[in-house]
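Here are a few exercises to work through with the model open in your viewer. Try each task before reading its solution.

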Amino acid sequence: MHKPLPLQCTSLNFRGFQFAQAMLFAIEEINNSSDLLPGISLGYKLYDTCSSIARSVQVALALVNGNEIVSAPSGAPCNKPAQVQAIMGETSSSPSRAIATVIGPFNIPLISHFATCACLSDKTKYPSFLRTIPSDYYQSRALAHLVKHFGWTWVGAIRTNDDYGNNGMATFIETAEQLGICLEYSVAFFRTDPSDKIEKIINIIKASTSKVIVGFLSHKDMDVLIPALSRNNLTGYQWVGSESWISDSQTAAIDEHHILDGAIGLSIPKAHVTGMRPFILNVKPLNSSNNQMFTKFWEALFSCKFKQSESPEEDPRQCTGNEDLTEVNNSFTDMSLMPIIYNVYKGVYAVAHALHSILSCNQTCKIEVQLNPFTILQRIRNVHFRTKEGDEVYFNEYGDPAAKYDIINWQPRENSIVDFVTVGLYDTLLPADKQLNLKNTPLIWAQNSQQVPVSVCSENCLPGSRKVLQKGKPVCCYDCIRCAEGEISNITDSAICVRCPTEFWSNERRDVCVRKEAVYLSYQEIMGALLTAASLFGTCMTAAVGFIFFKYRKTPVVRANNSELSFLLLFSLTLCFLCSLTFIGRPSEWSCMLRHTAFGITFVLCISCVLGKTMVVLMAFRATLPGSNVMKWFGPTQQRLSVLGFTLIQVIICILWLSISPPFPSKNFNEFKDKIILECVLGSAVGFWAVLGYVAFLAMLCFIFAFLARKLPDNFNEAKFITFSMLIFCAVWITFIPAYVSSPGKFSVAVEIFAILASSFGLLVCIFIPKCYIILLKPETNTKRNMMGKGAQRTF
């Protein structure tokens, strides 16, 4: 509602005077040089913008309006404003943007020494802007990589609310997200903001859980923020700073409560310019071309007034203009910003080299050449020279120099002094993986700690687990879930668990896939060893019975029921015991085919012998009936042929099975999740059940015949024992079927071996042990008379 008051500068910025002195030093050095612009003297105009955008634009327009062509007779004194060939400045990014926008259409070069906003690299908007300080595009990315290097993934951010802070922080956030860094908060403020806004920022910091704060702030805003942090005793936070304040001794001096101790950040590399410091400190107001400005500077520097009256009582603190600056300790005499001062120096020399090229200077310069702002701008863009200190100066296509930063660490010393220790380097000219290089210099962290601070939203998920994001929170906040069985993660903070290959399984920690245990019935394990022992015991027992029968082969007990079939039965039982060994051990192609066919054939051979013996017993009593001629069909030859015929049928079934779809070794991954079952797949289930069914058919037939002959009048009736043996045989195999089907892995093999051994032992014990008992323990009953029932009646 009211017209604003005119802008007034109320204080003096000593840093600005340092930069002005640096420009004067460079101009004086060039004017005294015979190699650069010989015979040409550079002039200058100094304006104070008071860090104001409006004042900056006003000054720029004043310079542009004075940019008219001036012609004067040779040797005539310069009594009119000279043409402005280039503008040095501004210090800050926002004023620089405003000036570059205004003077851009006139193609007048604007060379800044401290405006770092990446936005100024846009040549479509700011075609005449150049700078001797790197763009914040590189600084912001470097800060993000620095934060990532120390493992800080959960940080807060404070920025200056202007082009410098907003654009720099935007690039930082973009790079941070790519590197997996999350911002808990990002707040902005300007040094002219009311105190309640700063209090809100303080409260945000207090409520946060992050322990690292990235401060993309100008040194002026930092000087306002530090007292507020001190009043609230916000210590213990690790600060990461931009080049604007990280190496500023004035900022360190304001930090009386050591809020920023241990801060780390990026700084323009240290520089030294021979003769610069003495020149700056040798400023004398009465000798200056602009007495009014330098008089105010001198009065502010020494807090005095130049003599106004003859009475010293009226003005007790008077300036003479000859005071010694070396005795003053303030921001003007502090040369910690020499890298920025050096940038001013390089900017002036860039203009001088461009003019030197345009005027075709050799021993002399062609002063008649008409200077054109666009030509000067183009030549400045293309300059490439070395300063007297040996540093290269050139601009890329965006008007920016090569980006190189020192990594600075605030290390407090005695007497509240802070050392800005260079602990590393960030050089964008190096390969991406080598740009960030930290020295072995010990670092000091917040609160003088020697340990790197930890600032994460969630602790790292160790290998063997995966991250699950917490609902409604940034990606850095997550829970760690252990990988499921059969899945692993072998890196920290893995987002997924990877399933192991088919033949592998996860270890206990879920961080490595290990080969699954191959499970099969082996000779080394207890169950396999016991079954092997039982098989060998049965074989030996059968061999012993065979030996006894062979030794007593002429005795009535052996000869009573066809000794030839008895020996063949003992042989087949031996094979039955031995065939169980083919089921033990690692399955192979041959063992799979052998185990089932050997089992089927040997058992048919065995039961065929038992069946032959049973039929002989039954038919022998049938033959005693009047007119019966049955026994002629059950003589020794017929018995042999019957055994051969029954066995041949089983052989044919096995051949067909092996020809059509034989058993084969297989890896079973389904039965157990963490084990591989090595087993023999039947191939053709029909073939397997045909073999087993044929054995069952003969066993049932044998059982029926033996049952019919169990009460025949004989003192030693073998049919009774065959009945018992077949009863055991059938019971074992009827029980075997459900047990075999339901048993997993190697246990199904063990069930099958047990069935083979049990039925074999049943036949051996029931048929042969009673005879061995008579032969060995009751030899008096082993007579033909007793066998014919003429002795004492003994039944079994």
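**Exercise 1.** What is the strand order of the open sheet of 3 strands, and what kind of pairing does it have?

*Before you start.* This is a predicted model, where local features need pLDDT of at least 70, side-chain atom pairs count only at pLDDT 80 or more, and totals for chains, interfaces and linings use all residues. Residues are numbered from 1 along each chain as its sequence is written, and side-chain values use heavy atoms, with hydrogens and water left out.

*Solution.*
- Step 1: Strands are DSSP runs of E with at least two residues, numbered from the N terminus, and two of them pair if DSSP finds at least two bridges between them.
- Step 2: The order is β22-β24-β23, and the pairing is mixed.
- Step 3: β22 (517-519) and β23 (664-668) are the edge strands, each pairing on one side only.
- Step 4: On average, neighbouring strands of this sheet are turned by 30° against each other, direction ignored; the axes are lines fitted to C-alpha atoms.

**Exercise 2.** Take the partners of β24 in turn: in which sense does β22 pair with β24, and in which sense does β23 run to β24?

*Solution.*
- Step 1: Strands of a sheet pair through backbone hydrogen bonds, either parallel or antiparallel.
- Step 2: β22 pairs with β24 (residues 675-681) in the parallel sense, over 3 bridges. Here Glu 517 faces Lys 675, and Ala 518 stands opposite Ile 676.
- Step 3: β23 and β24 run antiparallel and are joined by 5 bridges. Lys 667 stands opposite Leu 678 in β24, and a hairpin of 6 residues links β23 to β24.

**Exercise 3.** Over which ring does the charged end of Lys 675 sit?

*Solution.*
- Step 1: The test asks for NZ of Lys or CZ of Arg within 6 Å of the ring centre and within 35 degrees of the ring normal.
- Step 2: Lys 675, which stands opposite Glu 517, has its charged end over the ring of Phe 672, 5.8 Å from the ring centre.
- Step 3: Lys 211 gives another case, with its charged end over the ring of Tyr 237 at 5.4 Å from the centre.

**Exercise 4.** Which residues does the cluster of ring pairs link?

*Solution.*
- Step 1: Rings of Phe, Tyr and Trp (its six-membered ring) pair if their centres lie within 6.5 Å.
- Step 2: By this rule there are 18 aromatic pairs.
- Step 3: Ring pairs link Phe 25, Phe 279, Tyr 342, Tyr 345 and Tyr 349 into a cluster.

Technical notes:
Rings of Phe, Tyr and Trp (its six-membered ring) pair if their centres lie within 6.5 Å; planes under 30 degrees apart count as stacked, over 60 as edge-to-face and the rest as tilted. Helices (H or I, at least four residues) and strands (E, at least two) are DSSP runs, numbered from the N terminus. Axes are lines fitted to C-alpha atoms, for helices over the stretch in contact, and angles run from 0 to 180 degrees between N-to-C directions.
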